Amino acid sequence: MPETATTSPAEAAPAAKDRALRLGIAGPVGTGKSSLIASVCRALSEELRLGVITNDIYTDEDARFLRSAGVLDPERIRPIETGACPHTAIRDDVTANLMAAEDIERDFAPLDVVLIESGGDNLTATFSPALVDAQIFVLDVAGGGDVARKGGPGIGRADLLVVNKTDLAPHVGVDVEQMVADATEAREGRAVLALSRTDEGSVSALRQWVLTVLAAHRAGEHIPQDPGPMAPHFHADEDHPDGGYVHSHA
Amino acid sequence: MLQSPTSAAGAAAQTVGLMLADSRLPSGGHVSSSGLEPALMAGMGRDQVEEYMLVRARTAALTDAGAAAVIRHGLLEAGQNESGQSSAELLTRTERAWAARTPSRAARQIASELGRGLLRLATSLWPDAAILRQLGTAPSRPVVMGAVAAHAQLEAEELVRLVVYDDAAAAAAALLKLDPGDPAEAMILVLQTCASVEDRVAGVAALTEPSDIPSSAAVQMEDWIEHHAHTTRRLFRA
C-alpha cells in the first residue's frame, strides 16, 4: 500500500543549482550514446557521484549494456520505458523522466551528475529544458560526412555536438576535419568535439567539458537552453536559388 | 520562455474534466494501452478488439471509476466535517478495496505509476489544495482522479464517465499504433464502449463505501497484463 505521507513532489524540489546537474544525451540510433555515457562514467566516476537514466523504446537494453560495461554500480543505472513515443518522453511530457531523476537523486543523495540518455530517435529529437540542464547531441562519422551540414535543432544548438567514432573515419571515407568544420559553422561557433573512445585525448576533452558545465551549474551561471523544435533554415525559391530568407519556426 | 504562471485556481469544473480527458495531458499516460497490447501480443485477434473494449469497460474501468467516485465522495464529506483522520482511513480502505479487485501486481504497479504522474501534475497545478496533500506518494490513478474531482468540484457522474472514457480512449489510441485501421473506427469503438456502460454510470457515481466498488474481475485480461510485464519488444507498459 502507498504510504500516506504529506510531502508533495513540487514542495520537495530543491533549487536547480543545489541538485545534480541533469545532462541529456540525444542523437540518432546507433551513433554511440550509450558508449559515450560509458566513457563519461569511466572518466569521472572516481571524482563525481553519478547516476544514469536510460530511455528505451522496446527494452531495457541500453541499461543492460551500461550495467554490463561495469562502469558504475548497476543500481545507479535505471531504465525507463518510453513506449511508442521516445521524443514525447524527453520533450512534451517529461513526467516519467523527471520522476526517475528525482528518485535516483533521492536514493543516492547527493549526486553530482545524472546522465539521461534519450531513446534513439531522429535528427529532430531534443530534450526539454524542463528535464535537463544541458544536452549533448551525438552524431557519428559512419552516418556520413554531410549530416552535420544538414543541421537540425540538436546539431545546431545542443550545448555540445559530438562527432563520434572518429576512429572509423578512414573506413567510411569521411573527412573528420571537414565534418567538424561543417558542424562548427552550422552551430555558429558552439562547441563541437570529435570523439573516439580509443582516443584518450578526446575522452579527456569530453571529461573537461562536463566538469566545466557542472561548475557553471553549481555557480548558478548555467541557464538551460532549448535547442528548439527546428533549427533556423532557409527556403530556396525561383527568385532566390541560394535561399530566399532565413527564419526559424516558433 | 514564458514567466512561470502561478495559479490554476478558478478553472471551471468542466474545463478541468476536459483537461483530464485529453490524451495530451502531460502526466506520463502515454505508456498505457489499457491492456490492449498485452491482449494482442498474447494472440487475441484483431476481430476481438471491440469485445475486449466492452469487457474492459464493465470490469476494470468500472472498478477504477467506482474507486474514484468513493474517494471523491469521501474527501468532500471529510472536507465539510474537517475530519482528517477519517479521510486517511477512507484512502487506505479504498486503495485496499481497489487493489483486491485488481489482482494483477503489474496492473496495480502501472496504475500506481500513472497515479504518481497525475498527482505530480495536480500538485503543481494546485499547490495549495489540501485534498491532494492527503494522498500518499504513489496512490493509484483512480484515487488521484477521485481526489482531483473532489478538489475541482467535478460531479460524480462526470467523474465516472471520465474514468471510463480515459480507459477506452487509451486503448483506441494504442490500437491505432499497434494495428492501424480507419481512425474513425477507433473513435466509434470509444463512443460505443462508453455507451455500453451508460446504464451503470448513475449507480457507480452514487457509491460511498469502498466495499461496494464493482468487483467484476477480468481474469484473462489481468493474466495478459501480468505476462506482458515480463516481455520485451513492447510499445506499452500495459
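I began at Arg106(A), which is exposed, with a relative accessible area of 54%; exposed means over 50%, buried under 20% and partly exposed in between, with a 1.4 Å probe and protein chains only. I then saw that Arg106(A) forms a salt bridge with Asp107(A), the closest N and O atoms being 3.4 Å apart. My criterion was a side-chain nitrogen of Lys or Arg within 4 Å of a carboxyl oxygen of Asp or Glu. Asp107(A) is partly exposed at 41%. Shared partners join Arg78(A), Asp103(A), Arg106(A), Asp107(A) and Arg116(B) into one network of salt bridges.

A note on the ground rules: this is a predicted model, where local features need pLDDT of at least 70, side-chain atom pairs count only at pLDDT 80 or more, and totals for chains, interfaces and linings use all residues. Residues are numbered from 1 along each chain as its sequence is written, chains are lettered from A and ligands numbered from 1 in the order in which they are written, and side-chain values use heavy atoms, without hydrogens and water.

Next I searched the whole structure and got 26 salt bridges over all chains. One of them pairs Glu81(A) with Arg234(B), the closest N and O atoms being 2.2 Å apart. Arg234(B) counts as buried, at 7% relative accessibility.

I also looked up Arg91(A) and Asp226(A), a salt bridge with its closest N and O atoms 3.0 Å apart. Arg91(A) is partly exposed at 25%, and Asp226(A) is partly exposed at 33%.

Cys41(A) is buried at 1%, and Cys194(B) is buried at 17%.
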